[in-house]
Every structure is written in C-alpha cells, then in structure tokens.
Amino acid sequence: MSIIYLDHAASSWPKPPEVIQAMTSCIEETGANPGRGSHSMAVKASRILFEGRSLLARLFGIDNPIDVVFTSNATASLNLAIKGFVREKDHVICTPMEHNSVRRPLEYLRKEKKIELTYLQADEKGEICLDEAVRAFRSNTTLFVCSHSSNLLGTIQPIDKFAEMCRRNGVKLLVDAAQTAGTVPIDVQTMGIDMLAFPGHKGLLGPQGTGGLYISSEIELEPILHGGTGSRSEDIDQPSVRPDRYEAGTPNTVGVAGLSAAVKLIVRETVEAIHTKEWTLTQQMMQGLLEIPGVRLLGPDLGVDKTGIVSFVLEGADSSEIAFQLDRNYQIAVRSGFHCTPLGHQTAGTTTTGAVRASVGYYSTADQVNYLIQAMKEISQSYK
C-alpha cells in the first residue's frame, strides 16, 4: 500500500510533474551562475530568476518584482526581516501563535540588542484579543510580527485589522505566510503588509530549499549575509540595489525553476479554488474525528474558515504514539509533538501531551481523509 501523506503543513508532496520537469530541464540546459557572466547560459539562468520574481509578484499583488528576494526557506526570510530591521532597544509586538522561526530570532535580539518584546494573548482557538493588541503599541514600537495562520491550529488571523493598527502607529507589519502562501489569497497592497515571508515547499508546491521575502520599497533592511552578488564587484560594501543587496552567493536557480512551474499551476488553478478544496477536506476530517469518543480537536470550530490543518489529541494517549501507529500500521504520515510552537501549545492547553497534526494539500482526497478517520476509530479502541 502506498503512503497516505497528510503532512502538507510541513512540506507538500508529491510535487507536480511540471516542477520536476522544470528542474530537470534547468539542470540539463542551464547550469551556469545567473548574473555572473554575459554568455548565453548565464543570461538564461538570470531569466529564470526574473520570471520567478515576476510570478510571485503577480501571485501576492506586489508592484515591483525586484522587491521579492529569494531565500532558502521561510526561516531564512524571517531572520532577514527581523534581524535586518529591528534595532537596539526597539519594541516588537508578536502573537503567541508564532513558530520558533519568529520567536527565536526575537528572543536572540532581546538578549543581544536589549529589545523589548510583547507577546499578545490568544484564546484556545488561536484568536488574538484585538483590544489588547491596540493597547500594546508604545512610542518605541517599530515592528508587528504575525503568522497569517497558525501551524498548529490553522487559525487565520485578521491581517487587515493588524495592518490598520500598524498604520495608525507608524509601525511596520511582517507576516509569516508559511501556512498560507499558495492556499489562502494574499495581496500585500490591499492587506497592508510591509514584509511577507514565505516558503516555496509548502502550499506553493515547489521544492525544498526555496523561499522568499517581500520587502516594501519603503523599507531598507541591513543585510545579514555578505558576499558575491555578481554586481558592483569593485565595491567593498554590499550593493545597495535590489535584489542583489539581499542575495549574496550563488542562488538556487534549479529550485526557483521548479518553484516558478508550481506558481504557474497555482495561478491557473487559482488560490481561491485550492483553499475551498482544502477547507472542504478539513471539514470532512473534523466531522469524522468529532464522532470518535476521546478525541478533542484543537483550533477553530467546525464551519469556521481555516487552513488545511486539523490538530487533535486522544484522551490517555501520547501524540507521538498515535503518529507512530498511524505510520507503522496504516501507512499514514502525520506530524506529532510540539510543532516548533511551544507558546501555541500553551495556548491550546497541550503542553504535556503535544498533538497529532493532520494536514491536507493540493493532492489530498476525500478517500484519504476517510481512511484516517477509520484508522483513528480503530486506534481509539485500545485507549478506552
């Protein structure tokens, strides 16, 4: 029996055939360094990067493609945004639903640059108290960081409301779109997003080792990586021109080729249609799991908009044991444990048990969801 893959929140799989074809073609036909030569292969490689930027700009409502910087993943993007923007003794606001890719850089800056940090409160569904958020702004607040959707609960945050608060206070908004890029509509202009960090390997359906950061033209980040860019080589300082300023070293041209092919597919299918499909599957999964005695679902209630994540606990069972049984006995791949978001688990009340996270994606089916539900019915019998 082939694997039932329900771990798309970690990385989408399988990849579309177009992605594999684009990457193979790039390896076979475009092996040169982009921007490091004037010969035809180098020029062709540069065009691959430009096309990728243009496609992502179209997808996210970005006016100028050069405001899209390629990185190796969302973690690298968030580190660039946070460490490149926040200065000594600044005040930063974030939510308790953040991934360690946000929390750890911020806590590092709290120790090293003495920044001030406020974690907002959320209820057990992952919803942020907006009144508290309004009161959190200070005279030295410079940045508000927020996950568009929790990687534990699937809760979609009201980015437009946070953006309005930031505008009123002259604060920049950084959004972590690790769980929404490619699966939830995003327009940085209409939503008021100043920086958007995203991975290529999750909802965007691209290969691992790809990602990016949108940086508003009004923001200048301090580079955290210095080196060769293929431009202004005679200067001792990092170039000031975008995107070179933030892309030191040889880029992952092969990965970007695959990512571009994936984004073309998403644009063709539309993000709205993909979101509707994933939401329908999560509702089916939630309905089935709710009928199993001892199972408690985390996050938004049935019928509420969310991303393709369903996290749950089974009374009397360790989440890692459940995931092990699903894998070993049913060939179902899920994620268990604490999902790199300890504050999220604290909010959900699962700091001692962890949780099982099943997440659907572009290639998930109703039959796969039903198989998971049946497997959990059988597993639950041994914990009565």
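The dialogue below takes up a helix, a glutamate and the cysteines.

Analyst: This is a predicted model, in which local features need pLDDT of at least 70, side-chain atom pairs count only at pLDDT 80 or more, and totals for chains, interfaces and linings use all residues. Residues are numbered from 1 along each chain as its sequence is written, and side-chain values use heavy atoms, without hydrogens and water.

User: Which residues of helix H6 are buried?

Analyst: An α-helix has 3.6 residues a turn, so residues three or four places apart point the same way. In H6 (residues 159–169), Ile 159, Phe 162, Ala 163, Met 165 and Cys 166 are buried, that is, under 20% relative accessible area (1.4 Å probe, protein chains only). Viewed down the axis of H6, these buried residues fall within an arc of 160°, so they line one face. The face turned away carries Arg 167 and Arg 168, which are exposed (over 50%).

User: What covers the buried residues of H6?

Analyst: The cover includes H5, strand S5 (141–147), strand S6 (172–176) and helix H7 (188–191).

User: How far is Glu 132 from the nearest side chain of opposite charge?

Analyst: Glu 132, in helix H5 (residues 130–136), is buried without a salt bridge (a Lys or Arg side-chain nitrogen within 4 Å of an Asp or Glu carboxyl oxygen); Arg 135 is 6.2 Å away. A polar atom of the Glu 132 side chain lies 2.8 Å from the backbone nitrogen of Gln 121.

User: How many disulfides are found?

Analyst: A disulfide is a pair of cysteine sulfur atoms within 2.5 Å; the whole structure has 0. The sulfur of Cys 146 is 9.2 Å from the closest cysteine sulfur, in Cys 94, too far for a bond.

Definitions and conventions:
Helix = DSSP H or I, 4+ residues; strand = E, 2+ residues; numbered from the N terminus. Lys, Arg positive; Asp, Glu negative; His and termini not counted. Polar contact = N/O pair within 3.5 Å; in protein donor to acceptor, adjacent residues only side chain to side chain. Arc of directions from axis to C-beta. Contact = heavy atoms within 4.5 Å.
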